[in-house]
Amino acid sequence: MAASKTRIDWSLFFLRLAVGAMAFLTGFEPVLHSPIPTTLANAGHWALHLAEMLCGIFMLLGLWMPLASLGLALIIGWPLVIGWVHGAAFLGNLHGLFLLFVVIASGLGGAGKWAVGRD
């Protein structure tokens with residue numbers, strides 16, 4: 001049974017909302033509870049969380065989806081790859097791997113019908 005266009009539009013909409021909200025809230029939490037950075041390392045962490053929040057906002061709006069999903073895939077995937085390079089088990093971080101696949105799926109699916117930046 002093939003999915004109708006309406007079902008695909010709704011699924012892309014909810015996937016986009018879920019990924020965007022997850023990214024925004026994941027980046028917002030550390031920024032909210034940390035002091036203003038005083039060292040270069042802390043400023044780098046802050047910049048990373050702000051980039052994650054910005055990508056989340058773009059995903060929520062459906063604006064620049066390829067760029068937002070690429071940014072989130074890099075932010076989520078980089079620690080996974082570094083862990084694998086240093087000997088971590090491939091399936092050692094299932095939560096991170098799941099988030100990476102969901103971000104990639106939302107990027108490949110596009111913004112959908114109800115987006116600020118239409119595909």
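## Gly112 and the segment after α4

At 15% relative accessibility, Gly112 counts as buried; buried means under 20% relative accessible area, exposed over 50%, and partly exposed in between, with a 1.4 Å probe and protein chains only. Gly112 is placed in the segment after α4, which covers 94-109. Helices are DSSP runs of H or I with at least four residues, strands are runs of E with at least two, and both are numbered from the N terminus. From Gly112 to Ala41 the C-alpha to C-alpha distance is 38 Å, and the two are 71 residues apart in sequence.

This is a predicted model, in which local features need pLDDT of at least 70, side-chain atom pairs count only at pLDDT 80 or more, and totals for chains, interfaces and linings use all residues. Residues are numbered from 1 along each chain as its sequence is written, and side-chain values use heavy atoms, with hydrogens and water left out.

## The whole protein

The protein has 4 helices and 0 strands. Along the sequence the pattern reads α-α-α-α. The C-alpha trace spans about 50 × 35 × 20 Å along its principal axes.

Of the 119 residues in the protein, 31% are buried. A contact means heavy atoms within 4.5 Å. Among contacts between residues at least 6 apart in sequence, 61% join residues at least 24 apart.

## Helices α1 and α2

Helix α1 (residues 5-32) and α2 have axes that come within 7 Å and cross at roughly 155°. Axes here are lines fitted to C-alpha atoms, for helices over the stretch in contact, and angles run from 0 to 180 degrees between N-to-C directions. The angle makes α1 roughly antiparallel to α2; angles under 35 degrees count as roughly parallel, over 145 as roughly antiparallel, 65 to 115 as roughly perpendicular, and the rest as oblique. The crossing of α1 and α2 is left-handed, a term used if the near helix is turned anticlockwise from the far one by less than a right angle, with right-handed used if clockwise.

On the α1 side, the residues in contact include Arg16, Leu17, Phe24 and Phe28, and on the α2 side they include Trp46, His49, Met53 and Leu60. By class, this contact of α1 with α2 has 15 nonpolar, 5 polar and 2 charged residues. Ala, Val, Leu, Ile, Met, Phe, Trp, Tyr, Cys and Pro count as nonpolar, Asp, Glu, Lys and Arg as charged, and the others, Gly among them, as polar.

## Arg16 and its surroundings

Arg16 lies in helix α1. Its relative accessibility is 3%, so Arg16 counts as buried. Leaving aside neighbours within four places in sequence, Arg16 is in contact with Met59, Leu60, Leu61, Gly62, Met65, Ala111, Trp114 and Ala115. A polar atom of the Arg16 side chain lies 2.8 Å from the backbone oxygen of Trp114.

Gly62, one of the residues in contact with Arg16, lies in the loop between α2 and α3. With a relative accessibility of 0%, Gly62 counts as buried. Gly62 and Trp114 are 52 residues apart along the chain, and their C-alpha atoms are separated by 7.8 Å.

The axes of helix α2 (residues 40-61) and helix α3 (residues 65-85) come within 9 Å and cross at roughly 145°. α2 passes α3 in a left-handed crossing. Leu48, Ala51, Glu52, Cys55, Phe58 and Met59 of α2 make this contact with Met65, Ala68, Ser69, Gly71, Leu72 and Ile75 of α3. These residues divide into 9 nonpolar, 2 polar and 1 charged.

Trp64 is found in the loop between α2 and α3. At 52% relative accessibility, Trp64 counts as exposed. Phi of Trp64 is near 50°, a positive value in a residue other than glycine. Most residues other than glycine have a negative phi.

## Helices α3 and α4

α3 and α4 pack at an angle of about 155°, with their axes 9 Å apart. That makes α3 roughly antiparallel to α4. α3 passes α4 in a left-handed crossing.

The residues of α3 that meet α4 include Met65, Ser69, Leu72, Leu80 and Trp84, and those of α4 include Gly96, Leu100, Val103 and Gly107. The contact of α3 with α4 divides into 10 nonpolar, 5 polar and no charged residues.

Key. A polar contact is a pair of N or O atoms within 3.5 Å; within protein, one must be able to donate a hydrogen and the other to accept it, and residues adjacent in sequence count only if both atoms are side-chain atoms.
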